[in-house]
Amino acid sequence: MTELVVRRLLIDLSQPVDRHWCNGDPFLTAWFNALSMSFPVGEQFFIDAVRNGFKALPEAEQAAFMTEIKGFIGQEATHRRIHALFNAQIEKHGLVNEWEPRARERLRLLDGTDPRHGLAITAANEHFTALFAEWLLSHPTLLDDCEPRLRALWHWHSAEEAEHKCTAFDLYQHLGGSEAWRTRWMRRVTLIFLTDTLRQTANNLKRDGTLWQWRTWRSAGRNLLGRHGLLRCTFRPWRAYFKPDFHPNQQSSDLSSNWLNENAQLYVKVEGAA
């Protein structure tokens, strides 16, 4: 198992955030804002799913997972808190989070179901966030013109997502989760996640008054489908999830640990976090 460190990012999100904080680019700003809007409810679901999966383990087997589960929960709880602060700032620009209530309604359908379903959904979402993290950390200049605290926020979050990408997956497998349901949930999560992200991004752009500007669509094409675009760069590693012998560690990278080592002045480790 992996020992996960809980870190508190040393940035102040009580101060306002610029309307187009991401390099002055309306599309990138709206896209990142949309992702952030999903995090508080999403991270809480992941925490609950992993907790429930841990409780479903035979008591004799829980000790082997306890340290990693504690670190996972600590990291995700920290992400949930800091993105709630960030979301409060961007809502001052007139943005409305329509993703969260939809997500809450869908997640209620899982109440009382086999905990492996929650773990499979979490593992699929963690694969998505790990792919996004790898893309962002491999294109660090994407945030070069952002103010330092927001650049730190997204790089730190990405680094930790890459760090704990195996937790829900391993717990799902340890509980005897099937390959059929693992891949079935990934297909469902792919459709839901991409639809919700694009829908919230368009909503953000509409409220910002930049939805139909040429620069918005040009940026969307370049950053999603261009040579170094997110969707183009992550398609193959996304498809690898459907292989019968897939494991998240097969897509390893040093970018996460390198960033954490090189930017240790931006955070403090939280002892005894849970």
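**Note on aromatic packing and the core**

1. Ring pairs link Trp21, Phe32, Phe39, Phe86, Phe132, Trp135 and Trp154 into a cluster. Rings of Phe, Tyr and Trp (its six-membered ring) pair if their centres lie within 6.5 Å; planes under 30 degrees apart count as stacked, over 60 as edge-to-face and the rest as tilted. Searching the whole structure gives 20 aromatic pairs.

2. The model is predicted: local features need pLDDT of at least 70, side-chain atom pairs count only at pLDDT 80 or more, and totals for chains, interfaces and linings use all residues. Residues are numbered from 1 along each chain as its sequence is written, and side-chain values use heavy atoms, with hydrogens and water left out.

3. Take Phe32 and Trp154. Their ring centres are 4.8 Å apart and their planes stand at 75°, so this pair is edge-to-face. Phe32 belongs to helix 1 (residues 26-56) and Trp154 to helix 5 (residues 148-163), so the pair ties together parts 122 residues apart in sequence. Helices (H or I, at least four residues) and strands (E, at least two) are DSSP runs, numbered from the N terminus. Phe32 is buried, at 0% relative accessibility. Trp154 is buried too, at 1%. Buried means under 20% relative accessible area, exposed over 50%, partly exposed in between (1.4 Å probe, protein chains only).

4. Now Phe169 and Tyr241. The ring centres lie 6.1 Å apart and the planes at 85°, so the pair is edge-to-face. Phe169 sits in helix 6 (residues 167-174), Tyr241 in the loop between helix 9 (230-240) and helix 10 (255-262), so the pair ties together parts 72 residues apart in sequence. Phe169 and Tyr241 are both buried.

5. Arg182 lies over its face, 4.7 Å from the ring centre. Elsewhere, the charged end of Arg184 is placed over the ring of Trp181, at 4.5 Å from the centre. The test for a charge over a ring is NZ of Lys or CZ of Arg within 6 Å of the ring centre and within 35 degrees of the ring normal.

6. Just after helix 6, Gly176 adopts a positive phi of about 80°.

7. Next, the core. The largest nonpolar core has 76 residues, of which Trp21, Phe32, Phe86, Phe132 and Trp154 touch the most other members. Helix 1 gives the most to this core: 15 residues. A nonpolar core is a set of buried Ala, Val, Leu, Ile, Met, Phe, Trp, Tyr and Cys residues joined through side-chain atoms within 4.5 Å.

8. Phe86 shows the packing. Leaving out residues up to four places away in sequence, Phe86 touches Leu13, Val17, Trp21, Asn33, Ser36, Leu150, Leu153 and Trp154. Contact means heavy atoms within 4.5 Å. Across the protein, 85% of contacts between residues at least 6 apart in sequence join residues at least 24 apart.

9. Finally, the overall fold. The protein has 10 helices and two strands. From the N terminus, the order is β-α-α-α-α-α-α-α-α-α-α-β. Of its 274 residues, 53% count as buried. The C-alpha trace spans about 55 × 40 × 35 Å along its principal axes.
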